[in-house]
Amino acid sequence: NNEQQQQQLTTTTTRRQLLCSTAALTSSIVAYVAPSSALSPQQASSSYDKFASNYDTLDGGSAADLLGINDARRKIIGMANGKVLEIGAGTGINLDHYKFAS
């Protein structure tokens, strides 16, 4: 019984050390972002313009149906009531799912 407790303590310590070292490594990787990888405002604008016409297809098309995203969208928005402010409305893909007061 004492041997089992010692082994469990060792396993727990090893897991904790592994998690801590993994977290530290991940933090250092995430914290370093090469300045050259950032988009300039002009590049971001150009990229947006290039892909904007496809956003609804990507976010609400057949892939979203297969993944259940459209059903989740309808269900969650269907629960909204009162005064609702949608932040980041984008193309307005959610607007058809709101129940507006008449």
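Visitor: Why is R74 called partly exposed?

Guide: Buried means under 20% relative accessible area, exposed over 50% and partly exposed in between (1.4 Å probe, protein chains only). R74 stands at 39% relative accessibility, so R74 counts as partly exposed. This is a predicted model, in which local features need pLDDT of at least 70 and side-chain atom pairs count only at pLDDT 80 or more, while totals for chains, interfaces and linings use all residues. Residues are numbered from 1 along each chain as its sequence is written, and side-chain values use heavy atoms, with hydrogens and water left out.

Visitor: What makes R74 and D71 a salt bridge?

Guide: The term requires a side-chain nitrogen of Lys or Arg within 4 Å of a carboxyl oxygen of Asp or Glu. The closest N and O atoms of R74 and D71 are 2.7 Å apart, and therefore the pair qualifies. Both residues lie in helix 5, three residues apart, about one turn of the helix. An α-helix has 3.6 residues a turn, so residues three or four places apart point the same way. D71 is partly exposed as well, with a relative accessible area of 48%.

Visitor: Which other residues form a salt bridge, and where do they lie?

Guide: R73 pairs with D59, with 3.0 Å between the closest N and O atoms. This pair links distant parts of the chain, as R73 is in helix 5 and D59 in helix 3 (residues 55-60), 14 residues apart. R73 has a relative accessible area of 11% and is therefore buried, whereas D59, at 37%, is partly exposed. The structure holds two salt bridges.

Visitor: How do you know on which side of helix 5 the buried residues lie?

Guide: The buried residues of helix 5 are N70, R73 and I77. They cover an arc of only 55° around the axis, so they lie on the same side of helix 5; the arc is that of the directions from the helix axis to the C-beta atoms. K75 and I76 are exposed on the other side of helix 5.

Visitor: What makes L66, L67 and I69 a patch?

Guide: Patch residues need over 30% relative accessible area and no salt bridge; like charges are joined within 9 Å, and nonpolar side chains (Val, Leu, Ile, Met, Phe, Trp, Tyr) within 5 Å. I69 has a relative accessible area of 36%, so I69 passes the area cut-off. The nonpolar surface patch made by L66, L67 and I69 comes to about 360 Å². I69 lies in helix 5 (residues 69-78).

Visitor: Why is the aromatic pair of Y98 and F100 given the type that it has?

Guide: Rings of Phe, Tyr and Trp (its six-membered ring) pair if their centres lie within 6.5 Å; planes under 30 degrees apart count as stacked, over 60 as edge-to-face and the rest as tilted. The centres of Y98 and F100 are 6.1 Å apart and the planes make 50°, so this pair is tilted. Y98 is buried at 18% relative accessibility, while F100 is exposed at 62%.

Visitor: In which helix is the confidence lowest, and in which highest?

Guide: pLDDT is the predictor's confidence in each residue, from 0 to 100. Helix 1 (residues 2-31) has the lowest mean, 61, and helix 5 the highest, 90. Helices (H or I, at least four residues) and strands (E, at least two) are DSSP runs, numbered from the N terminus. By this count the protein chain has five helices and zero strands. Its mean pLDDT is 76, and 64% of its residues reach 70 or more.

Note on methods. Accessible areas come from the Shrake-Rupley method with a 1.4 Å probe; for residues, only the protein chains shown count as cover.
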